[in-house]
Amino acid sequence: MTQKIEVDFGLCESNGVCMGIDPEIFDLDDQDYLHVLQDEVTPENEEHVKEAVRQCPRQAISIKDE
Ligand code: SF4
């Protein structure tokens, strides 16, 4: 089963906490708009993704089973 990262952009306040945890997954552009560069949860990035879910102050990040 594939797991995907989901961000609720209505909740996200672009504070960059997730980007600080893994900038290869989460990126804020010049307009402070968050992009998910790689939305698949892999064995390699899973720990970072879970940390971002835990640390996002807006609880905007979730992991969805596909
Ligand atoms: S940590 Fe949460 S609120 Fe902050 S930029 Fe990432 S998704 Fe948005």
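Me: Which residues are around the ligand?
Reply: The model is predicted, and in it the residues around the ligand are Cys12, Glu13, Ser14, Asn15, Gly16, Val17, Cys18, Leu34, Cys56, Pro57, Arg58 and Ile61.

Me: What classes do the residues in that shell fall into?
Reply: Seven are nonpolar, three are polar and two are charged.

Me: And where does the ligand sit?
Reply: The ligand sits in the largest cavity.

Me: I see cysteines on that list. How many disulfides does the structure hold?
Reply: Zero disulfides are found in the structure.

Me: Cys12 then, buried or exposed or partly exposed?
Reply: Cys12 counts as partly exposed because its relative accessible area is 23%, and buried would mean under 20%.

Me: What about Cys56, buried or exposed?
Reply: Cys56 is buried, because its relative accessibility is 12%.

Me: Where is Cys18 found?
Reply: Cys18 belongs to helix α1, which covers residues 17-21. With a relative accessibility of 10%, Cys18 is buried.

Me: What is Cys18 in contact with, leaving aside its neighbours within four places in sequence?
Reply: Cys18 then has contacts with Phe26, Leu34, Ala52 and Ile61. Of these, Leu34 and Ile61 are also among the residues around the ligand.

Me: How far apart are Cys18 and Arg58 in space?
Reply: From C-alpha to C-alpha, Cys18 and Arg58 are 11 Å apart, and in sequence they are 40 residues apart.

Me: Where is the place of Ser14?
Reply: Ser14 lies in the loop between β1 (3-7) and α1. At 23% relative accessibility, Ser14 is partly exposed.

Me: And what is the phi of Gln59?
Reply: Gln59 also has a positive phi, about 50°, and is not a glycine. The loop between α2 (46-55) and β4 holds Gln59.

Me: Gln59, buried or exposed?
Reply: Gln59 is exposed, because its relative accessibility is 67% and the cut-off for exposed is over 50%.

Me: Other glutamine now. Where is Gln38 found?
Reply: Gln38 is in the loop between β3 (34-36) and α2. A relative accessible area of 30% makes Gln38 partly exposed.

Me: Which residues does Gln38 touch, not counting residues up to four places away in sequence?
Reply: Gln38 touches Ile5, Glu24, Ile25 and Asn45.

Me: How far are the C-alpha atoms of Gln38 and Asp27 separated?
Reply: They are separated by 10.0 Å, and the two residues are eleven residues apart along the chain.

Me: Last one, Asp32. Where is its place?
Reply: Asp32 is in the loop between β2 (26-28) and β3. Asp32 is partly exposed, at a relative accessible area of 46%.

Me: What separates the C-alpha atoms of Asp32 and Gly16?
Reply: The separation is 8.7 Å, with Asp32 and Gly16 lying 16 residues apart along the chain.

Conventions: Residues numbered from 1 in each chain as written. Predicted model: local features only at pLDDT ≥ 70, side-chain atom pairs only at ≥ 80, totals over all residues. Heavy atoms only, no water. Near = heavy atom within 4 Å. 1 Å grid on protein atoms, 1.4 Å probe; cavity = no way out; pocket = protein on both sides within 12 Å on 5 of 7 lines; lining within 4 Å. Sits in = over half its atoms within 2 Å of the grid points. Nonpolar A, V, L, I, M, F, W, Y, C, P; charged D, E, K, R; others polar. Disulfide = S-S within 2.5 Å. Buried < 20%, exposed > 50% of the residue type's maximum accessible area, 1.4 Å probe, protein only. Helix = DSSP H or I, 4+ residues; strand = E, 2+ residues; numbered from the N terminus. Contact = heavy atoms within 4.5 Å.
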